[in-house]
Amino acid sequence: MKKLVFTFLTIAFITYFWTSAGKTPYDYFTRLSTAFLQGKYYITEPPPWLSELVPGPYGRFYVIQPPMPAILLMPFVYFFKNFEQQILAHLIGAGLVVFTMLLSFRIKKDLKLAIWSGLLIGFGSIIWYEAATGSVWYLSQITSAFFLTAAIFEAFGKKRPLL
């Protein structure tokens, strides 16, 4: 099962990467992640095309989207300057495929069903487009889907409340 999971993770990531349009101009989370690393929770120099920012005092601009994708981006932004946020979307989308497969296998103990579940969620749903695009709205959506699937997976497992 581990080889199958790694294979699907790799295939999904590469597919999302190859079908991506490239760097998204709506990189709110990369900018917010950089701000977090500087000890700030606001952006000070937003480009004019980022129109969904709330202006604040002293030249501060606040991102209205939930912060979890920016938190997940922090190590990547720290170690790789100019890290593109759609790469995180590719990773999270691939992780969603894997969690779906593992959840399906955990519930039914059927390998064929697990493979089909992974294929359908990863390549037969909106997840493909959202993971390949990786702009601010889509990254938020697949991040929440990833964590919800992870929570359901845990609920069908050892039921560890902290997780």
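1. Y78 lies in helix α3, helices here being DSSP runs of H or I with at least four residues, and strands runs of E with at least two, numbered from the N terminus. Y78 counts as exposed because its relative accessibility is 51%, where exposed means over 50% relative accessible area, buried under 20%, and partly exposed in between, with a 1.4 Å probe and protein chains only. The model is a predicted one, in which local features need pLDDT of at least 70 and side-chain atom pairs count only at pLDDT 80 or more, whereas totals for chains, interfaces and linings use all residues. Residues are numbered from 1 along each chain as its sequence is written, and side-chain values use heavy atoms, with hydrogens and water left out.

2. Together with L37, F79 and F80, Y78 forms a nonpolar surface patch with about 470 Å² of accessible area. Such a patch joins nonpolar side chains (Val, Leu, Ile, Met, Phe, Trp, Tyr) within 5 Å, taken from residues with over 30% relative accessible area and no salt bridge, a salt bridge being a side-chain nitrogen of Lys or Arg within 4 Å of a carboxyl oxygen of Asp or Glu. Accessible areas come from the Shrake-Rupley method with a 1.4 Å probe.

3. L88, in helix α4 (residues 85-108), counts as buried because its relative accessibility is 4%. Not counting residues up to four places away in sequence, L88 touches P69, L72, L73, F76, F83 and L139, contact meaning heavy atoms within 4.5 Å.

4. Helix α7 has 20 residues and reaches 29 Å from its first C-alpha to its last, close to the expected 28 Å, which is 1.5 Å times one less than the number of residues. Its buried residues, among them L139, I142 and F146, pack against α2, α3, α4 and α6.

5. Overall, the protein has 7 helices and 2 strands, and 39% of its 163 residues count as buried.

Definitions and conventions
Patches are made of residues with over 30% relative accessible area and no salt bridge: like charges are joined within 9 Å, nonpolar side chains (Val, Leu, Ile, Met, Phe, Trp, Tyr) within 5 Å.
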